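This report goes through selected parts of one protein chain.

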Amino acid sequence: RGFAVSASCMFLAHLGVFVIWFIFPFYISDSLGKGPFTLGVMLAVMAFLNTGFSGVGGWLSDRVGTFSVGVSGLVVMALGLLYMGFLSSDSGLAQVGLRIAVIGIGLGLFQAAAYTLMLGSVPQERFGTAAASLSLAQAMGTVLSVAVIGGIFALSNDHHMSGLAASALTAGERETQAFMQAFQDVFWLGAGIAAIGAGLFLFSWRLKKS
């Protein structure tokens, strides 16, 4: 059960969070008018905190248990994605950095707990196979995120553009507003997917306790 839960939640976590890698760059460049350096700094903040809190998550998993750390990580990540949905074209870089930092912290905690749970659920001679399976679940989540959530973003953007067609806004303003509304939609969707993962982790914890 622990292996199945860790793999399923890893898939859901990356299905939800990978929206950052293919939607967020357009927000930085088109909505905020910033260049590649700013985007690189923002992604580096997330990667640095992800790495740092993976170590913290591993330490906590050994002391308070993998389930509580995993659920906490997914909840923090979901809140970060939800928080991202409140960004606008007028948001400052500090606001953006804070939100992406929260996501990095949550993802780091969760990943540490997921790998700890997986390694504690299979015999030692199966560690390599189990780790490869968890990496596969992560890769499937990222690939499907591009395909599924990318498609949803395109549909949402077209829908909002149609709704703004009769407005008094200029063409550029309509594009910006439609993009931000679609941006909000997919980040809130990502938050919902991460919350489902947290619910699955919590449900499995309750089953184990009972």
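## A nonpolar surface patch

Patches are made of residues with over 30% relative accessible area and no salt bridge, and nonpolar side chains are joined within 5 Å. The model described here is predicted. On its surface, Val75, Leu79, Leu82, Tyr83, Phe86, Leu98 and Trp188 form a nonpolar patch. Together these residues have about 630 Å² of accessible area.

Helix α4, which covers residues 66-84, gives the most to the nonpolar patch, with four residues. Leu98, one of the patch residues, is placed in helix α5, residues 93-119. Leu98 has a relative accessibility of 46% and therefore counts as partly exposed, since that class lies between the limits of 20% and 50%.

## How α3 and α4 pack

Helix α3 spans residues 36-64. The axes of α3 and α4 are 7 Å apart, and the two helices pack at an angle of about 140 degrees. Angles over 145 degrees count as roughly antiparallel, and 65 to 115 as roughly perpendicular. The α3 and α4 pair is therefore oblique.

Residues from both helices meet where they pack. Gly57, Leu60, Ser61 and Val64 belong to the α3 side. The α4 side has Thr66, Ser68 and Val69.

Ser31 lies in helix α2, which covers residues 19-31. Is Ser31 buried or exposed? Its relative accessibility is 14%, so Ser31 counts as buried; the limit for this class is under 20%. Leaving aside residues up to four places away in sequence, Ser31 touches Phe26, Ser89, Phe179 and Met180.

Gly33 is in the loop between α2 and α3. The relative accessible area of Gly33 is 58%, so Gly33 is exposed, as the limit for exposed is over 50%. Gly33 and Phe67 are 34 residues apart along the chain, and their C-alpha atoms are separated by 41 Å.

## Leu144 in α6

Helix α6 covers residues 127-163 and contains Leu144. With a relative accessible area of 35%, Leu144 is partly exposed.

Which residues does Leu144 touch, not counting those up to four places away in sequence? They are Phe11, Leu15 and Ile149. Leu144 and Gly16 are 128 residues apart along the chain. The C-alpha atoms of Leu144 and Gly16 are separated by 9.7 Å.

Terms used. Residues are numbered from 1 along each chain as its sequence is written. This is a predicted model: local features need pLDDT of at least 70, side-chain atom pairs count only at pLDDT 80 or more; totals for chains, interfaces and linings use all residues. Side-chain values use heavy atoms; hydrogens and water are left out. Buried means under 20% relative accessible area, exposed over 50%, partly exposed in between (1.4 Å probe, protein chains only). Contact means heavy atoms within 4.5 Å. Patches are made of residues with over 30% relative accessible area and no salt bridge: like charges are joined within 9 Å, nonpolar side chains (Val, Leu, Ile, Met, Phe, Trp, Tyr) within 5 Å. Accessible areas come from the Shrake-Rupley method with a 1.4 Å probe; for residues, only the protein chains shown count as cover. A salt bridge is a side-chain nitrogen of Lys or Arg within 4 Å of a carboxyl oxygen of Asp or Glu. Axes are lines fitted to C-alpha atoms, for helices over the stretch in contact, and angles run from 0 to 180 degrees between N-to-C directions. Angles under 35 degrees count as roughly parallel, over 145 as roughly antiparallel, 65 to 115 as roughly perpendicular and the rest as oblique.
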